[in-house]
Amino acid sequence: MSDALQLLKTRRSAKPREMSGPGPSPAELDTILTIGARVPDHGKIAPWRFIVFEGDARLRAGDIIARVFAAKTPDAAREQIEIERHRLAEAPLVIAIVSSPKVHPKVPAWEQEMSAGASAMNIVTAANALGYVANWLTGWFSFDRDVLTAFGLRADEKIAGFVHIGRIDHAVEDRPRPNLAEIVTRF
């Protein structure tokens with residue numbers, strides 16, 4: 001158990017622009033996705049799903065993001081559009097966690113959305129446990145209905161996050177963490 005605690009205590013988010021390949025093998029990706037699906041799921045309804053972006057799919061997704069950005073920002077400079085085009089192309093693998101709520105008499109949408117968040121965190125942790133670095137991000141395109149529709153999301157689905165996974169050749173600096181005395185109360 002101490003290895004698991006050490007992993008949880010030392011995990012850091014790496015910037016996708018600092019990531020390189022190779023990314024996870026097919027077997028490692030299956031492990032990551034399996035662990036992503038092993039989260040609290042009241043009602044056993046799997047209120048989430050995954051979209052895997054790897055290889056050229058990252059560039060095709062970037063073309064969608066850039067096209068929508070350019071249409072909605074007509075005065076954008078070419079450099080800005082190119083930045084948008086590469087949003088999902090920096091890391092060798094990106095997994096979108098889609099919050100896909102189900103109508104259920106006992107499981108409110110909020111619980112289902114939290115389950116999708118737990119899935120994203122499990123994916124981050126699994127990637128780190130396999131020796132990769134990861135970063136759970138969103139961005140404007142995570143909330144843009146035109147992008148979401150082009151990515152195949154239904155009107156009732158949302159992106160819980162994009163987890164970027166790769167390798168890095170240097171230690172990732174930690175960020176300041178909350179002081180427990182400031183965030184914990186006892187009832």
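**Close-up views of salt bridges and helix packing**

View 1. Glu82 counts as partly exposed, at 30% relative accessibility (buried is under 20% relative accessible area, exposed over 50%, and partly exposed in between, with a 1.4 Å probe and protein chains only). The model shown is predicted, so local features need pLDDT of at least 70 and side-chain atom pairs count only at pLDDT 80 or more, whereas totals for chains, interfaces and linings use all residues. Residues are numbered from 1 along each chain as its sequence is written, and side-chain values use heavy atoms, with hydrogens and water left out. Arg85 is likewise partly exposed, with a relative accessibility of 24%.

**View 2. Lys158 and Glu113 form a salt bridge between distant parts of the chain.** The closest N and O atoms of Lys158 and Glu113 lie 3.5 Å apart. Lys158 belongs to strand E4 (residues 158-166) and Glu113 to helix H5 (residues 109-129), and the two residues are 45 residues apart (helices, H or I of at least four residues, and strands, E of at least two, are DSSP runs numbered from the N terminus). Both partners are partly exposed: Lys158 has a relative accessibility of 46%, and Glu113 one of 27%.

**View 3. Further salt bridges include the pair Arg177 and Asp174 and a network of four residues.** In the pair, the closest N and O atoms are 2.7 Å apart. Arg177 is partly exposed at 39% relative accessibility, as is Asp174 at 37%. The network links Arg49, Arg154, Asp156 and Glu157.

**View 4. Helix H3 packs against helix H4.** H3 spans residues 56-72 and H4 residues 78-85; the angle between them is about 145°, and their axes are 7 Å apart (axes are lines fitted to C-alpha atoms, for helices over the stretch in contact, with angles from 0 to 180 degrees between N-to-C directions). The crossing of H3 past H4 is right-handed (the near helix is turned clockwise from the far one by less than a right angle; left-handed is anticlockwise). On the H3 side, Gly62, Asp63, Ile65, Ala66, Phe69 and Ala70 meet Gln80, Ile81, Glu84 and Arg85 of H4 (contact means heavy atoms within 4.5 Å).

**View 5. Helix H2 packs against helix H5.** H2 (residues 26-36) and H5 meet at an angle of about 145°, with axes 8 Å apart. H2 passes H5 in a right-handed crossing. Ile32, Ile35 and Gly36 are the contributions from H2, and they meet Ser119, Asn122, Ile123, Ala126 and Ala127 in H5.

**View 6. Thr125 is buried, whereas Ile183 is exposed.** Thr125 lies in helix H5 and has a relative accessible area of 18%. Leaving aside residues up to four places away in sequence, Thr125 touches Leu7 and Leu8. Ile183 is found in helix H7 (residues 180-183), where its relative accessible area is 55%.

Key: A salt bridge is a side-chain nitrogen of Lys or Arg within 4 Å of a carboxyl oxygen of Asp or Glu.
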